[in-house]
Amino acid sequence: MLAIFQKGFANPPEELNSPGSSSRKQKLPRETLQEFLSSHPSANTFSLCFGDATALAYVRPTSPFSQDQRCFCGYEDIYCLFLGRLNNLCALNRQYGVSKGTNEPMLVIEAYRTLRDRGPYPADQVVKDLDGSFAFVVFDSKAGTVFTALGSDGGVKLFWGIAADGSVVISDDLETIKAGCAKSFAPFPAGCMFHSEGGLMSFEHPMNRVKAMPRIDSEGAMCGANFKVDVYSRVNSMPRVGSEVNWMDWTSRDAL
């Protein structure tokens, strides 16, 4: 899967942009999207663009029984790219009151809508309730927000980086990230979630800060930083979002 968001739209951590990168080596978002689509048979790929601000693309799995499940769906101006599987999907469908045939990306959209509109629980608890190997990217085109998370079990990999124009690139395809972002990329941290307005935080350890760690490649060049939970530092407060408060108001938390 591939998601690209224009500079200033997703506001990723500054440390993701490596000082050793040159914009001449990084590619523009449209180049990365075209190369991603052209590297797979056209019958298996799908993409959706929102002007120059956002692009979403995914490759259909070659086998319906593949453990490396890839799904894409949209509902009420909310779109979700999903990779992996949820072991407790049936239980979550009952919890959110959706039909038992609802798949993983539709469940994630429903959970996002609940958080955005009614939110009886903090976002970290909702994501922590997802049991399985998973990665997802949610784009709310009406609100103009991005929400991404990666499961903690290491079964699914996700990467993010910075394109030549400063856009954020998110993909499970490491070669796509390397080609498009040069040195300005890093693995997305497992057990963490990112919101375009609230930043990066751990849903496993929400009381601990996530900090950037310097990363050097095999050639000795500085790359986009790795992000790790700092077991010795705590956030000042852990906000709890109620039904009268919009869950997207994370800006009071310094997640880095």
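Me: Which residue in strand 3 stands opposite leucine 2?
Reply: Alanine 57 does, in this predicted model.

Me: What makes strand 1 and strand 3 a pair?
Reply: Two strands count as paired if there are at least two bridges between them. Strand 1 (residues 2–5) and strand 3 (residues 54–59) have four bridges, in the antiparallel sense, so they qualify as a pair.

Me: Where do those strands sit in the sheet, and why are strand 2 and strand 10 at the edges?
Reply: The open sheet has six strands in the order 2-3-1-9-8-10, with antiparallel pairing. Strand 2 (45–50) and strand 10 (185–187) each have a single partner strand, so one side of each lacks a neighbour in the sheet. From one strand to the next, the twist averages 10°.

Me: How do you know that the span of helix 3 agrees with its length?
Reply: Helix 3 has 14 residues (104–117), and at 1.5 Å a residue they should span 20 Å. Its end C-alpha atoms are 20 Å apart, so the two agree.

Me: Why is helix 3 called largely enclosed?
Reply: Buried means under 20% relative accessible area. Twelve of the 14 residues of helix 3 are buried, so the rest of the structure largely encloses that helix. Among them are Leu107, Val108, Ile109 and Tyr112. The buried residues pack against strands 4, 5, 6 and 7, plus helix 2 and helix 4.

Me: What makes asparagine 103 a cap for helix 3?
Reply: A polar contact needs a pair of N or O atoms within 3.5 Å. At the N-terminal end of helix 3, a side-chain oxygen of asparagine 103 lies 3.1 Å from the backbone nitrogen of methionine 106, so the pair meets that cut-off.

Key. Residues are numbered from 1 along each chain as its sequence is written. This is a predicted model: local features need pLDDT of at least 70, side-chain atom pairs count only at pLDDT 80 or more; totals for chains, interfaces and linings use all residues. Side-chain values use heavy atoms; hydrogens and water are left out. Helices (H or I, at least four residues) and strands (E, at least two) are DSSP runs, numbered from the N terminus. The expected span of a helix is 1.5 Å times one less than its number of residues. Buried means under 20% relative accessible area, exposed over 50%, partly exposed in between (1.4 Å probe, protein chains only). Contact means heavy atoms within 4.5 Å. A polar contact is a pair of N or O atoms within 3.5 Å; within protein, one must be able to donate a hydrogen and the other to accept it, and residues adjacent in sequence count only if both atoms are side-chain atoms. Axes are lines fitted to C-alpha atoms, for helices over the stretch in contact, and angles run from 0 to 180 degrees between N-to-C directions.
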